[in-house]
Amino acid sequence: MLWCNAGAVVRRCVIVDDNERFLAVARSSLERGGLEVVGTATTTTQALELIGALRPDVVLVDIALGTESGFDLVHRIVAESSARPHVVLISTRREDDVAELVSASPAAGFVWKADLSARAVRDVVAAGEQ
Amino acid sequence: MWWRPESSEASGPLTGPPLQRWVGGALIGAGLIGLVTGLVAILNLHLPPRGLLILYLLAVVPVAIWWGAGPAALISAASVITFVLLIAPPQSEGTSVVAFAVFVATALVVAGLAAGLRRSVRRSQELAAEQSALRRVATLAAEGVPATELFVAVTREVGELCGADLTRLGRYEDGGTVIRVAAWTRMPARLPIGGRVPVEETRVARDVLRAGAPVRVSGTDATNGAGGPLARELGIRSSIGCPVVAGGRLWGVVVVSSRNPRAFPPETEERILHFTELLATAVTNAEASAALLRNADEQAALRRVATLAARGGADPGPVFRSVADQVGGLLGADCTSVLRFESDRTATYLAAHGWRDTRRRGPGARWRPETPSVIEQVQRTGRSARLDYASLGEQPPSLDGEDVTSTVASPIVVESRLWGSIGVASRTGPLPPDTEDRLVAFTEIVATAIANTESRAQLAASRARVIAAGDATRRRLERDLHDGAQQRLVSLALELRNVQAEVPDELSGLSAGLGRLAADVTAVLDELRELSRGIHPAILSEGGLGPALRTLARRSPVAVELTLRLDHRYADAVEVAAYYVAAEALTNTVKHANATHAELAVEEYDGELRLLVVDDGVGGAVPTGGTGLTGLYDRVEALGGTILVSSPGGGGTRIEVALPLRAG
């Protein structure tokens, strides 16, 4: 299985979300699954700085970042970051509602926030690499 | 007949000056006496002289016919003397005297009869001429020739019939002026037509207006006034003015003039009146039919404008252009402008017609009306204004090169505020005195049309505001739900799973309970999601119309063939309207149409967003009875767009929508 190889690579993670409570819950959920959350950001600028400094394997980006758009951030990560991390979009909205936008973006895939786990993230990254 | 004079030669021997008459009669009579005496001398060789005296009647009768009874009496006396001196000297005093007296008496009676006959013939000639002249005019009037042609005919016929040197026909105008509409002269002179002068300055026209009856002036009086220069030039010594009363009012005046102070016999007025009556009838008819025609033209023009105004949406431009075109033709003006007054005292051209300098008067061109100009006067006074230019030097710079001789403008008053003006200009003499009145009638309709357009625009704007406010509220509600309840429930669900994962294996009951809780929270989230999706489609705000419509098509239970040609985001109101049209149409298709296939096409074209929804269902959709279609009409029309629903029974449903993309 290819995801095993990919899973071996995906260890360090950054979460970009403007909801502090969710950041805390997500961190504990992901770390219990073996995904190290090396940093969290609440804005686009913060996120880009963090990614440049920490060079994570995967970045989880919330679609709705207050007044900013998660999709724009995905484009900028892909275009500007030399780290080339995997990007996974997350949202409180269901995948069905945003599928058109997710598939149009360069993100590896989407995970509903209520279903967030290290395994779900690794699955999406693996599917995106296939 | 040998005595018939030239019909156009009004002054013959009978009517000539007395001295001339007597001298002429005496000379011709003397010649005739000579001829007769010669004849009598020859006959006297064979016949007794006394019976030959009667032959002198041959000299007396022609003189009586041509020069009247007076000269004839003189000739009969001269005949007797000649006879006595040359042919037969009296032999017996008594008998000779009696014979001569009988001859003279007979000669006088015959001369009187001959002169009377001559006068009767002449009078009947005149009557016949008058009758045929009247008949010619009546025929022209009946044929409905243009009024100007009829006027010229009347002046010519009256002039010839009365033996006048100059005949003029003037029409009284409102405002105390009289305008010359026709003139005739037997002399070589240029006759100006269309000259307009105050009535007070014309002697004959003024007196006729005051008296309402024929007026006769002679001597220097006849050359006073407006006809003055021309009358002086022609040497006019006597004039008669006769009123033309049409439709119960004094319409105009016929003035006949002559160089001869005694040219017009007493019955002349009566003869002219026969013509003025005919003229009045023709004028009344012509004015009535012209008024009818004009009224019909005006009505038609106004109807065209009103129809345009009623049909037009937010842009009244076509209405103004139509007004400019219609008014010019209707009022006989060469140029027309429709202007809107701005708060900074400038005026904006909205439409113009017939001007040479089209650049200066292009739609949207601004201009500060200069003093003096009719537009400036309307702007200042709010009332109609008129300026007639006698010379081009007096004109404001804006009329440079236009050769305009007369301008009239009237205000457009919209809901009791001075909104703008319609101006007309003529290059051929003054505009008619009723131009202001007719223009006012027009500006009122235009003002109504503008008011309608404005209230329509206001109505559409307020409808659009209501809908936009509703949309904003729904979007905020959806966002509040997302940022608040949904966010917290998502965190809660995830947290429950985290806790469940931490529960030791021996507490399997607790673990299962936590799992059910997490599942419940997820179920609540799903319900919330359905709710918020109905409030506002989040993807429309997030991703725009394209992704939103693709989501819509993907979720539809009926197969949707989607064609999108959109490359950017549009105004919220446009995107929301387009989305709801598509969503409502597809919902109808699914619920009512029993369709197997639908097409949804959206593209930007020619400044509009065009949307087409077609299905192959049962049709019969009607935009009444509170269906979603009614709401679509509201949304689309509030944006100044159009919606066309075609849904014949059994023929599928086709909805076409066009939404304007320009701002405002």
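This report looks at a helix, a chain contact and a sheet in a predicted model.

## Ground rules

Because the model is predicted, local features need pLDDT of at least 70 and side-chain atom pairs count only at pLDDT 80 or more, while totals for chains, interfaces and linings use all residues. Residues are numbered from 1 along each chain as its sequence is written, with chains lettered from A and ligands numbered from 1 in the order in which they are written.

Helices (H or I, at least four residues) and strands (E, at least two) are DSSP runs, numbered from the N terminus.

## Helix α6 of chain A

Let's start with α6(A), residues 118–129. Its twelve residues reach 17 Å from first C-alpha to last, close to the 16 Å expected at 1.5 Å a residue (1.5 Å times one less than the number of residues). Among its residues, A:Ala118, A:Val121, A:Arg122, A:Val124, A:Val125 and A:Ala126 are buried (20 or more other C-beta atoms within 10 Å of their own, C-beta atoms being placed from the backbone).

## Where chains A and B meet

Chain A brings 20 residues to the contact and chain B brings 21 residues (contact: C-beta atoms, placed from the backbone, within 7 Å). On the chain A side, α2 (20–32) and α5 (95–104) each supply at least two residues, and α2(A) gives the most, with seven residues.

## The sheet of chain B

In chain B, six strands form an open sheet with antiparallel pairing, in the order β9-β8-β7-β12-β11-β10 (strands pair if DSSP finds at least two bridges between them). The edge strands, β9 (366–367) and β10 (385–388) of chain B, each pair on one side only. Further in, β7(B) (335–341) and β8(B) (347–353) pair over six bridges, and B:Leu339 stands opposite B:Tyr349 in β8(B).

Methods
A residue is buried if 20 or more other C-beta atoms lie within 10 Å of its own, exposed if 12 or fewer, and partly exposed in between; C-beta atoms are placed from the backbone. Two residues are in contact if their C-beta atoms, placed from the backbone, lie within 7 Å.
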